Each structure stands twice: as C-alpha cells, then as structure tokens.
Amino acid sequence: DNKNTLSQYLDTVSHGGVGYWRYKNSLGLIGKKIILGVSALWEKRKGLDDMIKLSNLLTDAKFILVGLNEAQKKFLPADITAYSRTNNVEELRKLYAAADFYINTTYEDNYPTTNLEAIACRTAVITYDTGGSPESANIYGWTVPKGRIDLIASLIKNNNFPSKIGNVMTLDEMMKEYSVLY
C-alpha cells in the first residue's frame, strides 16, 4: 500500500524547523531574536507604547509589529518593522513561525486569539496577566503583571527556556538527528 512505502525505511520523525529557518533567513534575521506583536487595532489599551519601550530595552532583538495604520508607522522607531493589518493567514503563519517570542502587551482583552495563533505556530507567548491570557500562556509561555516590560525583557535576555514550544529543534539539533538517521 502506497501510504506505508516509506514507513519500512524510517521509524523516527524529525521535528525540525526547516520552514522556520527558511522564512527567518528570507527576512535576513538568522542569528537575531525576533519579537512579534500582533493586534487588529494597536492603541493604548493594546500596549503599543509598551512594545516601543520594550524595543528600547532589547536593542539586540528585531521587533515586528502587525496591525499598524499608516500614521502609527510614521512614529515608530526605525528598528521596528511595521506591517499593516492583514487577513493573509499564510503571511501571519510565517511571521508567527519565524518569531522567537510572541509578546502580547494588552491591558484589556477577553481571550486573545493572537496568543492561540502563536501557540499553534509553536512560538512561546509572553503576555500580560489580562483576561483569558493566563489560561493558555501559563502552559505555553509566561504571564507577567500589566506594565512590567522589565520582566518581559528579563525573560528574553536570560533565555533560560526554549523559545519555541513543542518538539521544534534548533537547526544544529536537527542536523545532528539527520546525521544519526542517515
């Protein structure tokens, strides 16, 4: 039967991150920590000011914000890459997958679907303790008190945890696994 053809040769699955690395490379960001923030409408209650302050604390990271209008883009620091709001699922998936951390600085929310989108792409979530955020982020990331960008910066700087959740490996780990298999 055709669907089992390769199963006789391989009994191990490598959960590598080839797509992740390819997209990160296409952005020219290999070797940099990518911090992603997504909002349908960036405003004060969604924490845009906090994301800007956080980018000043983490100058070695690359910040990407999605959902900004043209006026907001003009006032962002040059080191933040700004995207307009998009409904392109594939583009969002690639950005979530390329990110090392998804940061949600919302001060008001019910149950942020952007946290769930990040988790679905195996990206660790760091979010304010807002609404339903802790329900998913405490399992697949971290919650911090509202406004505590210093704690977010500390989590990222110390990097004492894997930035990708699940079974995603670094490129080096994946290559070692491949060399054992082949």
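Select β5 and β6 to begin. These two strands run parallel, and 4 bridges join them. Now pick Tyr128: standing opposite is Val144 in β6. Follow the chain onward from β5. It passes through helix α6 (residues 133-140) to reach β6, and this β-α-β crossover is right-handed. Keep in mind that the model on your screen is predicted.

**The whole sheet**

Together, 6 strands form an open sheet with parallel pairing. Read across, the order is β3-β2-β1-β4-β5-β6. Which strands are at the edges? They are β3 (80-83) and β6 (141-144), and each pairs on one side only. From one strand to the next, the twist averages 20°.

Move to β1 (residues 33-38) and β2 (residues 61-66). They run parallel, and 6 bridges join them. Click Val38: its bridge partner in β2 is Val66.

**Thr127**

Go back to β5, and select Thr127, which lies in this strand. Is Thr127 buried or exposed? It is buried, since its relative accessible area is 0%. Show its side chain. It reaches the backbone oxygen of Asn104 at 3.2 Å. Next, display the residues around Thr127. Leaving aside neighbours within four places in sequence, its contacts are Asn104, Asn115, Ser133, Ala137, Trp142, Thr143 and Val144.

Select helix α5, residues 113-120. It lies across β1, β4 (101-104) and β5 (124-128). Compare its direction with that of β4: the helix runs at about 175° to this strand.

Now step into the loop between α5 and β5, where you will find Arg122. What is the phi of Arg122? It is positive, about 60°, although Arg122 is not a glycine. Arg122 counts as partly exposed, because its relative accessibility is 33%.

**Helix α7**

Select residues 149-158, which form helix α7. This helix lies across β1, β4, β5 and β6. Its direction is at about 165° to β5.

Colour the buried residues of α7: Ile149, Ile152, Ala153, Leu155 and Ile156. Why are they on the same side of α7? They cover an arc of only 160° around the axis, and so they share one side of the helix. There is a general rule to recall here. An α-helix has 3.6 residues a turn, so residues three or four places apart point the same way.

What do the buried residues of α7 pack against? Show β1, α2 (48-57), β4, β5 and β6.

**Helix α4**

Jump to helix α4, residues 89-98. Its buried residues are Leu92, Leu95, Tyr96, Ala97 and Ala98. Look at the start of α4, and show the side chain of Asn88. One of its side-chain oxygens reaches to within 3.0 Å of the backbone nitrogen of Glu90.

**Zoom out**

Finish with the whole chain in cartoon view. The protein has 8 helices and 6 strands. Trace the elements from the N terminus on: α-β-α-β-α-β-α-β-α-β-α-β-α-α. Colour by burial next. Of the 182 residues, 44% are buried.

Methods. Residues are numbered from 1 along each chain as its sequence is written. This is a predicted model: local features need pLDDT of at least 70, side-chain atom pairs count only at pLDDT 80 or more; totals for chains, interfaces and linings use all residues. Side-chain values use heavy atoms; hydrogens and water are left out. Two strands pair if DSSP finds at least two bridges between them. Axes are lines fitted to C-alpha atoms, for helices over the stretch in contact, and angles run from 0 to 180 degrees between N-to-C directions. Contact means heavy atoms within 4.5 Å. Buried means under 20% relative accessible area, exposed over 50%, partly exposed in between (1.4 Å probe, protein chains only). The arc is that of the directions from the helix axis to the C-beta atoms. A crossover is right-handed if, with the strands pointing away from the viewer, the path from the first strand over the helix to the second runs clockwise. A polar contact is a pair of N or O atoms within 3.5 Å; within protein, one must be able to donate a hydrogen and the other to accept it, and residues adjacent in sequence count only if both atoms are side-chain atoms.
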